[in-house]
Structure formats: structure tokens, C-alpha cells
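This report looks at one helix and at a few pairs of charged side chains. Please keep the sequence and the structure in view while reading.

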Amino acid sequence: MAGRFSPRPTRTTVRGGHVVVPGGGVPRQAAVAGRTRTWTPSGPLDLGLVLGPLRRGPGDPTFRATPDGAVWRTSRTPAGPGTLRVVLRGGVARGEAWGPGAEWLLHQLPELLGASDDPDVFEPRHRLVAVARHRRPGLRLTRTGLVMESLIPSVLEQKVTTDEAYRAWRLLVRKFGEPAPGPAPERMYVMPAPRTWALIPSWEWHRAGVDNKRASTILRAVRVAARLEEAVGFDPVRAQARLEVVSGIGPWTSAEVVQRSHGAADSVTVGDLHLPGIVGYALAGDRDADDSVMLSLLEPYAGQRHRAARLILLSGRTPPRRVPKMPRGDIGRL
């Protein structure tokens with residue numbers, strides 16, 4: 001979660017920031033040795049900030065931060081399922097991977113940790129943003145190189161509370177995914193393959209609290225999963241256009257995907273329930289700002305608007321809380 005404050009439990013603040021990765025601890029002795037790779041970043045690196053946006057809630061079965069200072073992730077790569085463990089020691093990142101996708105995950109390790117991102121090109125235009133950047137020098141934008149692993153949970157997050165979306169993701173991945181390869185922590189799973197998503201019965205979507213609109217969007221997406229994965233080779237604008245060809249995927253969802261799959265520094269999320277108010281309040285004292293006002297305030301950061309929005313979220317300056325406008329529901333009980 002973002003910063004050293006207690007943010008409201010919204011999709012926006014969760015994506016803004018930081019997974020706590022405990023420092024120190026006893027180095028883990030792997031029960032089964034995997035393939036390994038080391039990489040030395042050119043500047044400060046904070047695993048919690050870089051990889052935090054990939055976690056879908058504290059119970060995400062595809063993501064785990066452990067007391068020894070490691071971050072574990074599972075992915076369904078082009079080569080198959082894989083488990084990756086990343087730890088930072090003395091400024092050097094060490095990755096260890098298992099499963100058919102191990103080689104692919106290790107090849108992608110520098111990109112995952114922000115190697116293609118250049119935080120030095122960012123120029124703060126507001127004191128609040130400058131202070132947040134100074135306090136978070138290890139912030140880099142991850143690039144996973146995978147579309148579907150970000151697209152499906154983003155669709156689940158459409159127009160519902162984070163609790164509902166995280167619960168749906170957790171239940172579906174644990175029930176229809178496969179156990180993580182290698183000596184991963186307990187209850188870690190790899191997300192289902194596109195065909196498996198397509199075969200999930202309607203009542204299982206219902207039990208997970210996923211309405212027909214979101215389920216149908218995911219079903220349409222997995223039918224053309226190969227074409228959507230091709231968007232990794234596009235620039236972020238063109239990639240978003242490819243994603244939005246699928247009915248049910250709009251600018252909000254496509255931006256959420258390319259922020260992770262491409263490390264898109266300028267793909268700011270529009271259509272969010274809370275982000276405009278947070279940005280408006282932080283930069284202009286306007287908690288009722290809409291998307292147009294938010295984009296106007298972020299205009300000085302053209303080319304880096306997503307990074308600016310993350311720093312604003314990490315600053316901790318959010319509007320005073322009101323009564324939640326969106327009640328939590330659970331259609332699985334109906």
C-alpha cells in the first residue's frame with residue numbers, strides 16, 4: 001500500500017504504491033534449486049514499490065512477500081507456468097525461477113524490475129510531487145511483458161469495491177489455476193490458461209461474485225488472448241487501442257493493463273471513482289475534480305502522467321474520508 005499512511009481501500013490507492021517487503025531476515029535455503037539470474041540496477045530500487053502494483057490484495061494467490069525479504073510471483077508465460085522469487089541484497093537483485101516458464105521469467109527479470117524505465121527524465125512541477133519523489137527514490141515502473149495476467153484482474157475490478165474484486169480473483173485462481181511450480185509458499189497458484197477461463201461454468205462466476213457483464217468481457221477476451229498478447233510489442237497507445245476492440249474493455253481497463261504490461265509512464269487512468277478527486281485535492285485543493293480537471297492538472301507532466309499520479313498517491317495527501325458511495329455487494333449469496 002502507498003506510503004506510510006493508511007489509505008482508503010480503493011483500487012486507485014492500492015495501485016498507487018507499496019507492498020511492504022520485510023528487510024533482513026535469514027536468507028532462504030531453497031528445498032529445490034531453480035534457475036537463477038542476478039541483475040544490478042543502475043540506481044535505487046525498492047521491490048515493494050516496483051512490484052506492488054502487481055499484487056491483487058493481501059490474499060493474492062499469485063503474489064507473496066515473505067519475511068526473508070523476498071517477493072514471490074507466479075505467471076503464465078509464453079513458455080508455460082512459472083514461479084519467480086526475487087530478493088534484493090546489497091543493491092543486487094537475484095531471481096530464482098522454477099517451472100516451464102522459468103527461463104522466460106529470468107530473461108524478463110530486468111524489465112520486471114524497471115530496467116526499461118528512466119525515472120531521471122521526470123521533472124516535478126509541484127512541491128508535493130517533488131517531496132514524494134525524494135522520499136521514494138526506488139520507484140521504477142515495472143514492465144511484465146504479459147497482457148492477460150493484468151487484463152483479467154483489471155476486468156474483475158470494474159465498478160466494484162476492491163474487496164469484491166480481490167475475493168473473486170482469489171477464489172477463481174485457487175479453484176481453476178494450478179499449484180505454483182517449485183518450492184513456493186503454500187497456497188500459491190498460477191492463473192488459469194485462457195481455455196480454462198473460457199470453460200468456467202456460469203454458476204462458478206456467480207459464486208465468486210462476478211456479474212454477467214464482467215464474466216462476459218473476460219470470456220470475449222480469452223477467446224482472442226493470442227491477439228491481445230501481441231499488443232506487448234506495440235507502443236502503449238496502440239496497445240490500448242487493440243485492447244479496447246474487445247467489447248467491455250474501455251480506457252480505464254486498458255490503462256490499468258499497459259501500466260503493468262508495458263511500464264507505460266504516461267497512461268493515466270481515467271474513469272476511476274477516486275483518482276480524480278485525489279489528484280485534484282493534492283494539487284489544487286479540489287476534492288470534487290473530475291477526469292477533465294485531473295488531466296488538466298497533470299498536463300505539465302505530459303509523457304509522465306502515470307508516474308506523477310503514483311507519486312501523488314504515495315505522498316499521502318488524500319481528501320478527508322466520507323461515507324463510501326459504493327456499497328459492497330456479493331451476488332454469490334443471491
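Which residues are buried in H7? The model is predicted, and in it the buried residues of H7 are Thr162, Glu164, Ala165, Tyr166, Ala168, Trp169, Leu172 and Val173. In an α-helix, residues three or four places apart point the same way, because there are 3.6 residues a turn. Helix H7 covers residues 162-176, which is 15 residues, so at 1.5 Å a residue it should span 21 Å. The C-alpha atoms at its ends are 21 Å apart, in agreement with that value.

Side chains of opposite charge can pair when their charged atoms come close.

| Pair | Distance between closest N and O atoms |
|---|---|
| Arg85 and Asp68 | 2.8 Å |
| Glu178 and Arg76 | 2.6 Å |
| Glu96 and Arg94 | 3.5 Å |

Consider the salt bridge between Arg85 and Asp68. Arg85 belongs to strand S4 (residues 80-89), while Asp68 sits in the loop between strand S2 (63-65) and strand S3 (70-77), so the pair ties together parts that are 17 residues apart in sequence. Arg85 has 5% relative accessibility and so counts as buried. Asp68 is buried too, at a relative accessible area of 10%.

Glu178 pairs with Arg76 in another salt bridge. This pair links strand S6 (residues 178-179), which holds Glu178, to strand S3, which holds Arg76, and the two residues are 102 apart. Glu178 is partly exposed, at 32% relative accessible area.

In the salt bridge of Glu96 with Arg94, Glu96 is buried at 6% relative accessibility, whereas Arg94 is partly exposed at 34%.

How values were computed:
Residues numbered from 1 in each chain as written. Predicted model: local features only at pLDDT ≥ 70, side-chain atom pairs only at ≥ 80, totals over all residues. Heavy atoms only, no water. Helix = DSSP H or I, 4+ residues; strand = E, 2+ residues; numbered from the N terminus. Expected span 1.5 Å × (residues − 1). Buried < 20%, exposed > 50% of the residue type's maximum accessible area, 1.4 Å probe, protein only. Salt bridge = Lys/Arg side-chain N within 4 Å of Asp/Glu carboxyl O.
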